[in-house]
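Open the model in your viewer and keep the selection panel at hand. The tour goes stop by stop.

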Amino acid sequence: MSARFTARGRTGPLPHPASHMMLPMGGRVGERAGAVPERARVRQSWRRLLLLVALPLLLGAAEPRLVPDVSDTQIDIAYSFTGADLLLFGAILYPGGRPPADTDVVVVIKGPSEPLLVREKAKVAGIWINHASERFRSVPSFYAVASSRPLDQLVSPRTAAIYEIGIDNLLLSPANGASANEQTRFETGLVELKRRTGLYAEHAGAVSVREGVLYRALVPIPARVPVGSYTAETYLIRNGRIVAAATREIRIGKSGFERFVTTAASDYPFLYGLSGIALSLLLGWLAAIGFARARR
Amino acid sequence: MHLYLPIAGLSVNALVIVLLGGAVGVLSGMFGVGGGFLTTPLLIFYGVPPAVAVASSATQITGASVSGVLAHSRRQGVDFRLGGVLVAGGATGSLVGGFIFRLLQKSGQIDTIIGLLYVFLLGWIGLAMARESARAVVAARSGGPPPPITTQRHRKWIAALPFRWRFYGAGLYISPLAPFLLGLITGLLTVLMGVGGGFILVPAMLYVLGVSARVVVGTSLFQGLFVTAATTLVHALTTHAVDLVLAGLLLIGSVTGAQIGSHVVQQVRPERARMMLALIVLTVAIRMALGLTWRPDAIYTVQLL
């Protein structure tokens, strides 16, 4: 995750350049703080407060704020899990009051990144075998983007690349020193594979915005989804510019029996293997005596 | 009814898996093959990751073998001494196989090697069985005596091996080194291909060692039982790819199927049964050969690092 969204569940406008400016603190150049009389200090702090409140108005840009939420911040994979539909919804708050006419929302859901080795098959002596490979340092295991309109109509290619909006804008960070041409080939292959398994998806038009203030998006999560910590980033877009962003965290994990089996397999492999053998012996034996009795 | 497989990480139709296990179980009860040569490719075709398919089908063969071994031993169809030697060989083979598996996995050629092994072994054995059983069927039609099995009862190189043992059930007086070697090869194949090895063990015992046909199937199942159990453990410890839910579903089908199969086989003429098995084996071999030469769906594959 980039430094832009290090704070969990952070909401509110993107840091506007103006907010980084040093605020005028009232002190005159050359005047020592200790020399300010008591009354002047009180007046000074009042002025400071006023300035803070008035700042957004003074800057002229009535930056809207996003208040996002998701239907589930925790998705449990249980025995009957065949995928889930994640509902992302929220409100857009405008400090100025009236919402402008064209408001677009993009929701990006990203799974935990993982290093991958991608192999490429080629026909050698009549059969298809793996002949080349490329390492990728961090590939999102899951990536879904939902938008209120097709992405190319919403944001400029540059903005899309900066915020990694759209499957083609993902930074996959190939690790081998292969030529750019070769890297592109492997990246295309990897993305195509992920798309086919449903782990990378673009849902244009899946976000609906009501009267410019309420938005909702339904993003399908496939059954093969990897477990881990996911982020749902919501972007408010106007005139091709991202005016507000917010992030929510979603955990996808196995629960109950499924969780038990998975942890047993990785933490107690010997016992797990033995119980596998015991299970098969037991079932085989039960069937044998069952049938023998039924025939008698 | 959909069920989520915790290790494979996907949800499958439970009924399909149980039926698949059942069909394979019938074969296993009839011919003494574990049926892994069918389960593994079918599971992979269904979308189960290859490593999970190989590991879990080994677990399933264990269960299918139990009911088969019990059924056959009740009819004195198991030579436990010969079986013991085969198991010793098989355990050694599965350890060596585990090492080779890891090497091939690292170099990325495991899938190709598995495919080639399937094509050559199944093709060779399927052809040999088909030819032999076709002759037998033809002979039975014309009313003549069944043709003598063309293999020598006593092979020179086997007879030359030292320390001869008596195997009463099998009707043999040979060195245990021969069945040990045979067991070793099957153990290797169990780990690499996720098969019980019955499809190579049965013909090899019949035609190479000259084991009495009465105990061939039971002894092969007995060997498969122990070797697949060892393989389950090896996979659980190294690849962590044994999916108990998947194995359980397969087991429910196959233990039932195995019982049915071991009774069906008594109603069918043996040469006909062998012909059927030969055809099934050949079909799988041809399908695998096509899979190697056809342009695959996925040119690119990923492996977690």
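Start in chain A. Select β1, β3, β10 and β9: in that order, these four strands form an open antiparallel sheet. Strands here are DSSP runs of E with at least two residues, helices are runs of H or I with at least four, and both are numbered from the N terminus. Two strands pair if DSSP finds at least two bridges between them.

This is a predicted model; local features need pLDDT of at least 70, side-chain atom pairs count only at pLDDT 80 or more, and totals for chains, interfaces and linings use all residues. Residues are numbered from 1 along each chain as its sequence is written, while chains are lettered from A and ligands numbered from 1 in the order in which they are written.

Zoom in on β9(A). Its antiparallel pairing with β10 (residues 214–221) of chain A runs over four bridges. Pick A:Val207 and look across: A:Ala217 in β10(A) stands opposite.

Now switch to chain B. Select helix α7 (residues 177–193) and helix α9 (residues 213–238). Their axes lie 10 Å apart, at an angle of about 45°. Axes are lines fitted to C-alpha atoms, for helices over the stretch in contact; angles run from 0 to 180 degrees between N-to-C directions. α7(B) and α9(B) are therefore oblique to each other (under 35 degrees is roughly parallel, over 145 roughly antiparallel, 65 to 115 roughly perpendicular, the rest oblique).

Show the contact residues, meaning pairs with backbone-placed C-beta atoms within 7 Å. Among them are B:Gly183 and B:Thr190 of α7(B), and B:Gln223 and B:Val234 of α9(B). The contact has three nonpolar, seven polar and no charged residues. Ala, Val, Leu, Ile, Met, Phe, Trp, Tyr, Cys and Pro count as nonpolar, Asp, Glu, Lys and Arg as charged, and the others, Gly among them, as polar.

Next, select α1 (residues 14–31) and α3 (residues 50–74) of chain B. Their axes come within 10 Å and cross at roughly 45°. B:Gly21, B:Gly25, B:Ser28 and B:Gly29 in α1(B) meet B:Gln60, B:Ala64 and B:Gly68 in α3(B).

Last stop: B:Phe101, in helix α4 (residues 80–107) of chain B. Is B:Phe101 buried or exposed? It is buried, with 23 other C-beta atoms within 10 Å (20 or more is buried, 12 or fewer exposed, in between partly exposed). B:Phe101 touches B:Ile110, B:Val191 and B:Leu192, leaving out residues up to four places away in sequence.

Technical notes. Contact = placed C-beta atoms within 7 Å.
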